Amino acid sequence: MAEFPSKVNTRTSSPAQGGGAVVSTLSPDLGFVRSSLGALMLLQLVLGLLVWALIADTPYHLYPSYGWVMFVAVFLWLVTIVFFVLYLFQLHMKLYMVPWPLVLMVFNVGATVLYITAFITCSASVELTSLKGTRPYNQRAAASMLINTRKPQHQQ
């Protein structure tokens, strides 16, 4: 059995001059914006903003069914912004314990179900709440079409 060394070196290091704090700056990954996931997220942000802007521009508060459409459009738009920022600044890599492909898949499946219910609600309410050819009718019909064309982004 080896003997315990008679001399043990217990040297400690001191931080470098200037405080020793490591400052990490966030820089955007522009390659993400050029990727298919980034491009689809940007498209989702633009279309989502257009949907809720069209609904919000009409007197939606007079019709309870449009409250659901407004909630779905704004909520999913905000969640998409959060995911976009996480991926743009590569924060998802710092949160390595989260299974991001699974999280995105669950989000996309949930968003698809919510958008389908919003589309059905919005489409069913267009004819009942406004006159054909008027501005509110056109805006609600356009919002219904945008909800219908929204596709969740694909995984990488």
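Begin by selecting L104, which lies in helix α5 (residues 100-129); helices here are DSSP runs of H or I with at least four residues, numbered from the N terminus. The model is predicted, so local features need pLDDT of at least 70 and side-chain atom pairs count only at pLDDT 80 or more, while totals for chains, interfaces and linings use all residues. Residues are numbered from 1 along each chain as its sequence is written, and side-chain values use heavy atoms, with hydrogens and water left out.

L104 is buried, at 2% relative accessibility (buried means under 20% relative accessible area, exposed over 50%, partly exposed in between, with a 1.4 Å probe and protein chains only).

Now select helix α3, residues 64-88, and within it T80. T80 is buried as well, with a relative accessible area of 1%. Beyond the neighbours within four places in sequence, T80 contacts M41, Q44, L45 and F107, a contact being heavy atoms within 4.5 Å.

Display α3 from end to end: its 25 residues reach 36 Å from first to last C-alpha, close to the 36 Å expected, where the expected span is 1.5 Å times one less than the number of residues. After α3 comes Q90, with a positive phi near 55°.

Finally, colour residues 37-55, 67-89 and 101-126, which an unreviewed UniProt entry records as "transmembrane region"; UniProt positions follow the numbering used here, feature names are shortened, and annotations may be inferred rather than shown by experiment. Residues 37-55 are 100% helix and 0% strand, with end C-alpha atoms 27 Å apart. Residues 67-89 are 96% helix and 0% strand, with end C-alpha atoms 33 Å apart; strands are DSSP runs of E with at least two residues.
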